[in-house]
Amino acid sequence: MNDHFEIAVIGAGPGGLSAAANAAYHKVSHILLEKGEIGNTIFDYQLRKLVMDEPKKLPLRSRIKFKKGSREEILESWSRTVSELNINVIQKANVSRIDKIEEGFKIYFGDSSITSSSIILALGAMGTPRQLEIPGADLPHVFYRLNDPDAFSNRDIVVVGAGDAAIENALALCEKNRVSLINRKGEFARAKDDNILLVNEAIDSGKIRCFYESSPAEIKPTELVINSPEGEVSIPCDLLIARLGGILPRGFVESFGVAFPSQDPSSPPIVDSRYESNIEGLYIIGSLIGYPLIKQAINQGHEVVEHILGNDIEPADQVLIEEKLGHLPGEVNENMKLIRDSMPVFKELTEPQFRELITESKVHLKKEDDLIFKVKDYTDTFFNIITGSVKISLPEDRFVQIGASNFFGEMGLLSGRRRSATITMEKPGILLETPRKQVLKLISSVPQVKRALDEVFMERAFYDIFPNVNRDLLKKVITKSGLRHFKKDDILFKEREIGNEFFVIRKGSVKISRIINGVDVTQTYLSAGHYVGEMAVMDPEPLPRSATVTAAVACETMVIEKQDFLDFLYDDPVAQDKIAQMVKERRIANMTKQKNKESGAMLDFILNKGISDADNVLLISSDLCIGCDNCETACASTHGGYSRLDRHGGESFKSLQIPVSCRHCADPLCMIDCPPDALTRKRDGEIIIKDTCIGCGNCEKNCPYDVIQMVYEPPKRSVFSALTSWFKPKVQDKGNAKAAKCDLCATLPGGPACVRSCPTGAAMRVSPAEMLELIGNKR
């Protein structure tokens, strides 16, 4: 074969097939080369899989049809299209080489070759699945694809992954098997909305058991060892399916000169708004440019042919972009360029990724002095400053101004804690506000975004510690820092060992303990945004640690080696003086505020009960409590007859009692699997349950403190029915139960009824900081 074609499409997945279909429609000479099957992406799905057509709001533009349906229905439809449009396709054509020639390109496959004026690369990533690299990964019951879920029954199956493929495999297998799902994160940030809803329902019903914030550690013949927030756990496993995504064929693409923005192996190649690479006439679409959604790839395939033919065509999502930016002054495309140029943190996004970011975000026009958020607010969106500037109000009456091309909100996004500052508009301008889920998706798929956020997090955390240090020196030491994860009860470092690292807590909290008279006594705890380890690393001489630091809950920390830290101090006298003063104050505090065994044991008790992750906890002093139960009675009368606290069900230590009542956690597990998003956090930190609750019970099951209960709303009765109900037979017709928990009596002006009704003042609602102060006073 030695024919020449105007357009050669490599890859007959959704994007490549759409491109070939459009070329055939326009009667352009074309060829479609596929090493496997037509619609290969869909063909490789499990049998009878339901294929989603997300994103739903994105219009479809193509000569091929695509709507939600089974794998078989979609493949049959596409097969008809190939025949109807007479698409010129060659299967079993594994392209091995591409040369740039005078006429365009020469493409080699098998023993054949062709030439073409233009090439459309529509290669997927799933041809080379990413594999596990743990002991036992080579065992025969480990797979990376699922062909027919009906081939398995009564098996202990573990699916590893949190994307659409993992969720769909788990859902298909759970009807006839015992299925566990391993999710490295605390949520399903990368999955389609429909899949998230379905998997949450399966988890709620018990069909799937999900391990969040966990990862596989070792595969054995009949079990899997996983690292979980609670430590190592072994679960039954005689079949493991790992859906970890695919490895992009970067080496092959680079071999014929396509440019990439960085050396990171997961970086997508550089393409312009027409999908053209740095090589004239060579276009790239689909997964290769970081956008694996089927509908988006189909649209890209259609559009790229129009671009090659010189036809003007707007992207299919243009109508969505215009909806987002229509209220801004100026032309939409000019504003798109302005926004892109003003967001260096997202500079490595491909054009499709950038356009999705815009459609998923809110664009604000802000006036001078407009409030963005307050310190201690519980919001977690992420802001980019497009124009104008903002003022950041910090403790001790300090202010920082940041202008266009900067971002803020990363501390709340990454740590899950309250906002650490109040931010207002200083100069009027445009802000782009992006939901947490969208940013997490980009963090997991674009390494440069994660790296940029990590660096700025460290820079701002350090600058808060050393407010007057040289910024250039600060950035230099930050580039040498690393991220380290700790499970609950993991030890960051031990007392008396030689210190070689400095830690900044990015997420979670740690407890500090010291050996006193031979006993390890807890002294205090520190949450996200604080630092530990500075005392042993500030001196060139080897110094022992003065305390043991242990993860109170699962933690993320940024770590700086001692020598890098010393170099930083040596180069900046201001930082050196500041750290010396801090160490001096810390040593004095250690000597004067040392906890005795009793108060240390009490602190250890509350940390073990997860109070370090609480935002507002109910405490009862046993010294003052007279057992009248007014607190429970008042709570029940305020909430339709159901008490939201259980005084007797709590736990006590010495004179401190922690009843069963919602503590409005900083990192609330109850919110993870709420299908209607009925659980939400108000700006003041209170976690509430909205009327949209469907009674699924996910929150009740996920809460580790048993503070959520399913209750039935009492029927509304008239005065007459209430007076006559005593002689009517009772009818058991309660309807659906809904989730209920402490709401801090938000609608009552006097505050929580339990506290107000206590005749002795034994009941109190406090923050962890206030609780530490109370414990300190008990020394």
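Q: Hi! Where is aspartate 369 found?
A: Aspartate 369 is in the loop between β18 (362-366) and β19 (371-373). Strands here are DSSP runs of E with at least two residues, helices are runs of H or I with at least four residues, and both are numbered from the N terminus. A word on the source: this is a predicted model, where local features need pLDDT of at least 70 and side-chain atom pairs count only at pLDDT 80 or more, while totals for chains, interfaces and linings use all residues. Residues are numbered from 1 along each chain as its sequence is written, and side-chain values use heavy atoms, with hydrogens and water left out.

Q: Thanks! Is aspartate 369 buried or exposed?
A: Aspartate 369 is exposed, with a relative accessible area of 58%. The cut-offs are under 20% relative accessible area for buried and over 50% for exposed, with partly exposed in between (1.4 Å probe, protein chains only).

Q: And what about the phi of aspartate 369?
A: The phi of aspartate 369 is positive, about 75°, although this residue is not a glycine. Most residues other than glycine have a negative phi. Lysine 27 is not a glycine either and has a positive phi of about 60°. Lysine 27 sits in the loop between α1 (14-25) and β2 (30-34) and is exposed, at 74% relative accessible area.

Q: Switching to rings: how many aromatic pairs are there?
A: The count comes to 12 aromatic pairs. The rule takes rings of Phe, Tyr and Trp (its six-membered ring) with centres within 6.5 Å; planes under 30 degrees apart are stacked, over 60 edge-to-face, and the rest tilted. One of them is phenylalanine 66 with tryptophan 78, a tilted pair at 6.4 Å centre to centre and 40° between the planes.

Q: Which parts does that pair tie together?
A: Phenylalanine 66 is in the loop between β3 (50-51) and β4 (69-70) and tryptophan 78 is in helix α3 (residues 71-84), so the pair ties together parts 12 residues apart in sequence. Phenylalanine 66 is buried at 7% relative accessibility, and tryptophan 78 is buried at 1%.

Q: What about phenylalanine 382 and phenylalanine 407?
A: Their ring centres are 5.1 Å apart with the planes at 45°, so that pair is tilted. Phenylalanine 382 belongs to strand β20 (residues 382-385) and phenylalanine 407 to strand β23 (residues 407-408), so parts 25 residues apart in sequence are tied together. Ring pairs also link Phe346, Phe382 and Phe407 into a cluster.

Q: Which charge lies over the face of tyrosine 25?
A: That is arginine 63, at 3.6 Å from the ring centre. The test asks for NZ of Lys or CZ of Arg within 6 Å of the ring centre and within 35 degrees of the ring normal. Lysine 100 likewise lies over the face of phenylalanine 105, at 4.7 Å from the ring centre.

Q: Now strands: why is β29 largely enclosed?
A: In strand β29 (residues 509-516), 7 of the 8 residues are buried, so the rest of the structure largely encloses this strand.

Q: How does β29 pair with β30 and β32?
A: β29 pairs with strand β30 (residues 519-527) in the antiparallel sense over 8 bridges; pairing needs at least two DSSP bridges between the strands. β29 also pairs with strand β32 (residues 548-551), antiparallel over 4 bridges. Isoleucine 512 has threonine 524 as its bridge partner in β30 and stands opposite valine 549 in β32.

Q: What is in the turn between β29 and β30?
A: The two strands form a hairpin with 2 residues between them, and asparagine 517 in the turn has a positive phi of about 55°.
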